[in-house]
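This briefing covers one protein chain. It goes from the chain as a whole to its elements and then to single residues.

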Amino acid sequence: MNGSTRVKLLATLGLAAVIGLTSCGAQSMSSTQDDPSSKASQDAWSFTDSSYQKTTTLEQAPDSIVVDSYSAAALWDYGVRPTGVFGYGLTEDGGLSVGNADVSQMTIIGKDAEFNLEKLLSLDPDVIIGYGNAEGTGWTWWDEKVQSEATSTAPYLPIKSGGRPVQAVIEDYAELAKALGGDTNSASAVQDKMEFTDRLSTLKEIAEQKPGLKIIALNGYDDLYVGQKTIGQLALLEDLGFEITGPTDTSAWASLSWEKVGDFPADVVLSYSGTAEQVKDHPVFSSLPAVKAQQVVEWDDKRPYTYGSYVQWFDQLIDVLQDAKALNS
């Protein structure tokens, strides 16, 4: 599963090259600061995220921006055009996690677990943006070596997604997009936000009308995993009044054998988009009461954090949940 475990990323250039680059950058910055005509203080740019409360400050608004694929998807609809991109989902044609972002318009630094430091250096980025690790000091899937090399090239601006409300992450990206010069007040952006609020109200009404409706979030085929309520989407459904069922685990995913799925009866199944087509033919999956009743909705915890993307998913949920019945299974 993407991002479920820490992966070691590959770098193709040594730290010496990075140190050389930052040395040059430091000299250039010093020269600028010594120049009395410098307007750096007037043009200074900064952004503080709402979770880590880490303030990223630059002498001026960033021009060359490198992002992970999830951030590319979240920023693209506001008109922000990153220079480079890396991370998961780039190997999939039209993958959900990339959203509307046009990967062909960005330089790919690395796909999935790969990371090409030489390509990063060639873009001379002003800032790197992506899902943050626990401390907010680097990408959540970088090992220490790559983190040190990448963040020596440019400041790292983290966005925290895990264990946070969906709305908070969406708003973080909207605020970041605005800071980067994106248009968060366009007609489409305003409409998406209004529809998001409207769909939330509809889902809450459905939950009130169907108290105790149980939902299980499945992911996998040969190996099966069950999503936990620490995942933003599932926490959101629980907050709306639905009951999330399944085995519990301290991580975002609990391992479960197919033989034990029946121990956790559910009225609605969320089927992970990456395996949704394949799993339809699994004998245990197809025998589940919720599946037989066609009370199944696809889901993906890497859905882009935009109001518009969530409206699409909410509409799919509403379509199934408004007619869903408690199966007493």
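Among contacts in the chain between residues at least 6 apart in sequence, what percentage join residues at least 24 apart? The value is 70%, where a contact means heavy atoms within 4.5 Å. This is a predicted model, in which local features need pLDDT of at least 70 and side-chain atom pairs count only at pLDDT 80 or more, while totals for chains, interfaces and linings use all residues. Residues are numbered from 1 along each chain as its sequence is written, and side-chain values use heavy atoms, with hydrogens and water left out.

**Chain overview**

- The chain has 12 helices and 13 strands; helices (H or I, at least four residues) and strands (E, at least two) are DSSP runs, numbered from the N terminus.
- Of its 329 residues, 48% count as buried. Buried means under 20% relative accessible area, exposed means over 50%, and partly exposed lies in between (1.4 Å probe, protein chains only).

**Strands 1 and 2**

- Strand 1 (residues 45-48) pairs with strand 2 (residues 55-58) in the antiparallel sense over 4 bridges; two strands pair if DSSP finds at least two bridges between them.
- Within this pairing, Thr-48 is opposite Thr-55 of strand 2.
- Strand 1 has two faces: Trp-45 and Phe-47 make up the covered one, and Ser-46 and Thr-48 the uncovered one.
- The two strands form a hairpin, with 6 residues between them.

**Positive phi values**

- Most residues other than glycine have a negative phi.
- Gln-53 is not a glycine, yet has a positive phi of about 60°. Gln-53 sits in the loop between strand 1 and strand 2, and it counts as exposed because its relative accessible area is 53%.
- Asp-124 also has a positive phi, near 45°. Its place is the loop between helix 4 (117-123) and strand 6 (127-131).

**Helix 12**

- Helix 12 (residues 307-321) has 15 residues and spans 20 Å from its first C-alpha to its last, close to the 21 Å expected at 1.5 Å a residue. The expected span is 1.5 Å times one less than the number of residues.
- Because 11 of its 15 residues are buried, helix 12 is largely enclosed by the rest of the structure.
- Among the buried residues of helix 12 are Tyr-307, Tyr-310, Trp-313 and Phe-314, along with Leu-317, Ile-318, Val-320 and Leu-321.
- The cover over these buried residues includes helix 6 (166-179), helix 7 (187-209) and helix 8 (232-240). It also includes strand 8 (214-220), strand 12 (268-272) and strand 13 (296-299).

**Ser-71 in helix 3**

- Ser-71 belongs to helix 3 (residues 69-76), and its relative accessibility of 0% is why it counts as buried.
- Leaving aside residues up to four places away in sequence, Ser-71 touches Ile-129, Gly-130, Tyr-131 and Tyr-173.

**Salt bridges**

- The structure holds 8 salt bridges, a salt bridge being a side-chain nitrogen of Lys or Arg within 4 Å of a carboxyl oxygen of Asp or Glu.
- Glu-149 and Lys-145 are joined by a salt bridge, 2.9 Å from N to O. Both are in helix 5 (residues 144-153), 4 residues apart, which is about one turn of the helix. Glu-149 is buried at 3% relative accessibility, whereas Lys-145 is partly exposed at 49%.
- Arg-164 and Asp-172 form a salt bridge whose closest N and O atoms are 2.9 Å apart. Arg-164 is buried, with a relative accessibility of 10%, and Asp-172 is buried, with 6%.
- In the salt bridge of Glu-238 with Lys-229, the closest N and O atoms are 3.1 Å apart. Glu-238 is partly exposed at 33% relative accessibility, and Lys-229 is partly exposed with a relative accessible area of 40%.
- A network of salt bridges links Asp-198, Arg-199 and Asp-315.
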